[in-house]
Amino acid sequence: MRALLFDQPAADTSTTRVGEVATPEPGPGEVAIDVRAAGVNFIDVMARRGDAGYATGWPFVPGLEVAGTVRSLGAGVSGPAVGTPVAAFTATGGLADVAVVRGELVVEIPAGLSFEQAAVAPGTLTTAALLLGPTGRLREGDSVLVHSAAGGVGQALASLARLHGAGLLLGTVGGAGRAAAAEKAGYDAVVVRGDGIVDRVRELTDGRGVDLILDPQGTDWIETDLELVAAGGRIVLFGNAGGTPLASLPAAGRLFGGNAAIGGFSIRGYAAKAPWMVAEALSEVLQRLSRGELQVEPTVVDGLENAPEAQQALADGRGEGKYVVRL
Ligand SMILES: NC(=O)c1ccc[n+]([C@@H]2O[C@H](COP(=O)([O-])OP(=O)(O)OC[C@H]3O[C@@H](n4cnc5c(N)ncnc54)[C@H](OP(=O)(O)O)[C@@H]3O)[C@@H](O)[C@H]2O)c1
């Protein structure tokens, strides 16, 4: 089968190619999927540049999320039947003709959804659902601040936070050029990170601060997050886009005094320890997509050959929302 391959760590597309690899067979408890569409994610970029804990070896097949049809079932798996349209969180290996995943992570695609729409669900939309639900514990009316609000996950969080009952929705972006995309995604106000962010957010929250802060910027903005979090609020760290070394967490005294909680999030962690929670969140977002409550308009890229350019757009910060590769 054909797969996208990273031969060596690289900051650009020079070590990425489409190549032939052995077609994987499902082991016990696994399902093989004929991939029809696969999401492009910043996590592919982190694997390609060699960030610790992402690529499991070289050459490496990236790909976090797929939509396709069931190709075959491993021992002990009774469904969905071969040929059923499904979506699944793959963690790795999704940018290939065939992906093999744990059966618990496979969810049927409701009628009426295209493979390209469904391919946004297992990684990007499910990450948003898990961040807001089990990890962020969003309550009705809570204010939410999302850093990197114009990215794929950032835009997904805006739509889903409203459906989960969020009140004021604030986004931050690293450059003014991305503010319009974040506003279009549904944020009430978008702030360019830098001087003045604390005053601006205090003003927007009438001095109260923010109930839930979702931060994919490593630990670079944690001091600012602590200044911005409301009493009883939560900060969730869920990425390290810049790839800079992570700093130690603030001393416990800061958390006592600030009445603040700092938590971490990893969809791969949920998939490994509690796959049913990933499947539940994936079912939720697929149902919302099929009912029209959530809309996604991914940029569709044709063929694995064009995936490296989409990944490079994300790496360069030129990404415009979500990209999906049609196979
Ligand atoms: N923990 C998990 O399980 C999990 C799951 C999915 C995604 N994530 C994380 O969520 C983030 C968004 O993912 P995505 O797929 O939505 O990616 P995306 O669409 O490419 O968005 C990434 C955003 O990160 C910022 N960025 C890009 N390059 C950067 C760099 N070199 N240094 C600092 N900031 C940079 C940009 O926002 P600014 O406007 O802020 O510059 C960009 O909009 C990533 O950090 C990803 O690792 C984590």
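## Around the ligand

Of the 22 residues around the ligand, those that come nearest are Ser148, Val153, Gly174, Arg178 and Ile267, where a residue counts as near if one of its heavy atoms lies within 4 Å. This is a predicted model, in which local features need pLDDT of at least 70 and side-chain atom pairs count only at pLDDT 80 or more, while totals for chains, interfaces and linings use all residues. Residues are numbered from 1 along each chain as its sequence is written, and side-chain values use heavy atoms, with hydrogens and water left out.

An oxygen atom of the ligand is 2.7 Å from a polar backbone atom of Ile267, and a nitrogen atom of the ligand lies 2.8 Å from a polar backbone atom of Phe238. Taken alone the ligand exposes 890 Å², of which the protein buries 87%; such accessible areas come from the Shrake-Rupley method with a 1.4 Å probe, and for residues only the protein chains shown count as cover.

## Two packed helices

Helix α3 (residues 121-135) and helix α10 (residues 275-291) pack at an angle of about 110°, with their axes 8 Å apart; axes are lines fitted to C-alpha atoms, for helices over the stretch in contact, and angles run from 0 to 180 degrees between N-to-C directions. Helices (H or I, at least four residues) and strands (E, at least two) are DSSP runs, numbered from the N terminus.

## Backbone features in loops

The peptide bond from Trp58 to Pro59 is cis, with omega near -5°, and Pro59 is found in the loop between α1 (42-48) and β4 (65-73). Ala91, although not a glycine, has a positive phi of about 70°.

Key:
Polar contact = N/O pair within 3.5 Å; in protein donor to acceptor, adjacent residues only side chain to side chain.
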